[in-house]
Amino acid sequence: QLQLVESGGGLVQPGGSLRLSCLLSGFTLDYYAIGWFRQAPGKEREGVSCISSSGDRTDYADSVKGRFTISRDSAKYTVYLQMSSLKPEDTAVYYCAARRAGYRVSYCSHRAPADFGSWGQGTQVTVSS
């Protein structure tokens, strides 16, 4: 059974940094693309970033490009989202999710959350002074 567990959220001041982690169990990263999504109160869930099952292709929303970095450690079954230069508008619950992609496929897109079938429970990120 696929399971994803997020951690690393919290309260940070504008301009600060946080690193989110997504610990995976029940599957290997070589067959799944992993995405990070977020949902702010009263807003729809939006894609933030994605990393391919090959690990060599990443994708970012324009709103976070240059500030967020997605990476993975296959040996630790963990995907990270390093967030820097945080803004109040980054405040949201952040979710990681998995999409079956095939063995080491070099493609990923953050634009279709409906394609991701397994989700974590989310971690709250609050950016405020």
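Two exercises with worked solutions follow.

The model is predicted, so local features require pLDDT of at least 70 and side-chain atom pairs count only at pLDDT 80 or more, while totals for chains, interfaces and linings use all residues. Residues are numbered from 1 along each chain as its sequence is written, and side-chain values use heavy atoms, with hydrogens and water left out.

**Exercise 1.** Determine how Phe-37 and Phe-116 are arranged as an aromatic pair.

Solution. Rings of Phe, Tyr and Trp (its six-membered ring) pair if their centres lie within 6.5 Å, and planes under 30 degrees apart count as stacked, over 60 as edge-to-face and the rest as tilted. For Phe-37 and Phe-116 the values are 5.0 Å centre to centre and 70° between the planes, which is edge-to-face. Phe-37 lies in strand 4 (residues 32-39) and Phe-116 in the loop between strand 9 (92-100) and strand 10 (118-119), so the pair ties together parts that are 79 residues apart in sequence; strands here are DSSP runs of E, at least two residues, numbered from the N terminus.

**Exercise 2.** Classify the pair of Phe-37 and Trp-119, and state whether each residue is buried or partly exposed.

Solution. The rings of Phe-37 and Trp-119 are tilted, at 4.9 Å centre to centre and 45° between the planes. With buried meaning under 20% relative accessible area, exposed over 50% and partly exposed in between (1.4 Å probe, protein chains only), Phe-37 at 0% counts as buried, whereas Trp-119 at 27% is partly exposed. Finally, Phe-37, Tyr-95, Phe-116 and Trp-119 form one aromatic cluster.

Note on methods: Helices (H or I, at least four residues) and strands (E, at least two) are DSSP runs, numbered from the N terminus.
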